[in-house]
Amino acid sequence: AATANAGRAAAARLLNPAAAATKPTLGQTHPHVKVPTKMSDKTKEEQIMRCANRLKPHVTAVDTLLTVLMGVRDRPGEERYRKIDRNNANYAAHVRDRPGAEDLLSAMNYRRIRSTIPGGEADELRLERHLADAGLLYLGISALEQARLSPEYLEAKRLRGFHSEMRRIGRMNGDALASAGMSESDASVRLGFLSRCPREPPEGRGAVVTVFLGEESERVPGGRVSRRFDGDDTLEDVMNW
């Protein structure tokens with residue numbers, strides 16, 4: 001079929017050179033292919049709902065945007081609630097590049113403004129007072145509140161709490177653990193497990209086992225420990241360690 005279509009197209013160019021000079025549209029060349037509507041061409045409501053759906057796994061982004069929109073809703077006349085500094089460290093780290101975040105703000109009528117200031121360039125998202133739409137604010141706030149009830153958000157929030165605890169543990173040495181409330185009985189249990197660990201083989205012998213606190217991608221400070229084990233050591237030995 002492809003060869004036949006190519007042949008007909010070549011014949012048409014030879015018979016009608018003027019028509020060949022005009023580039024055919026996608027609808028002409030692929031009449032059965034339906035191109036999805038661009039996000040910017042969808043209704044504001046659909047844009048907001050789609051963006052909020054994409055943001056569900058990004059807890060800090062959802063919480064930050066919800067705070068921003070509620071601030072505008074409650075104090076629409078105060079300019080500081082209608083401006084977002086894109087260079088702000090927290091915004092850049094947790095919101096700016098999250099999928100759907102700035103598309104959501106764009107759907108709320110925020111506009112990106114760049115300007116020169118002493119010592120650099122300002123890069124802001126601004127919602128002009130006359131563009132603050134109460135209906136859009138209601139939709140945006142409602143969509144983000146629903147996102148906070150989603151399984152994706154709740155799981156991501158649970159993981160965030162877990163990694164926060166892993167970072168706390170990673171900062172602790174023996175003295176810090178003791179001051180944080182490790183009792184003598186806790187210390188005794190730890191020493192009991194340690195006494196059942198085999199001696200670590202010298203460097204160059206055995207296999208290295210590495211344990212990460214939390215997901216490796218989180219790079220928890222102090223959350224990576226390694227130890228060598230001999231070939232005849234068992235899983236129980238590793239668990240005791």
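Mentor: The largest nonpolar core has 31 residues, and the members that touch the most others are Leu 55, Leu 65, Tyr 110 and Leu 144. A nonpolar core here is a set of buried Ala, Val, Leu, Ile, Met, Phe, Trp, Tyr and Cys residues joined through side-chain atoms within 4.5 Å; buried means under 20% relative accessible area, exposed over 50%, and partly exposed in between, with a 1.4 Å probe and protein chains only. At least two residues of this core come from each of helix 4 (44–54), helix 5 (59–74), helix 7 (101–107), helix 8 (134–147) and helix 9 (151–170). Helices (H or I, at least four residues) and strands (E, at least two) are DSSP runs numbered from the N terminus. Helix 5 gives the most, with eight residues.

This is a predicted model, in which local features need pLDDT of at least 70 and side-chain atom pairs count only at pLDDT 80 or more, while totals for chains, interfaces and linings use all residues. Residues are numbered from 1 along each chain as its sequence is written, and side-chain values use heavy atoms, with hydrogens and water left out.

Take Leu 55 as one of the core members named above. Leaving aside residues up to four places away in sequence, Leu 55 touches Ala 61, Val 62, Leu 65, Arg 98, Pro 99, Gly 100, Ala 101, Leu 104 and Leu 144. Contact means heavy atoms within 4.5 Å.

Val 62 also takes part in the packing of helix 5 on helix 9, where Val 59, Thr 60, Val 62 and Asp 63 meet Tyr 153, Ala 156, Lys 157 and Arg 160.

The axes of helix 5 and helix 9 lie 9 Å apart, at an angle of about 110°. Helix 5 is therefore roughly perpendicular to helix 9. Axes are lines fitted to C-alpha atoms, for helices over the stretch in contact, and angles run from 0 to 180 degrees between N-to-C directions; under 35 degrees counts as roughly parallel, over 145 as roughly antiparallel, 65 to 115 as roughly perpendicular and the rest as oblique.

Arg 167 is 9.1 Å from Arg 219, C-alpha to C-alpha, although 52 residues separate them in sequence. Arg 219 sits in the loop between strand 4 (207–212) and strand 5 (224–229). Arg 219 counts as exposed because its relative accessibility is 71%.
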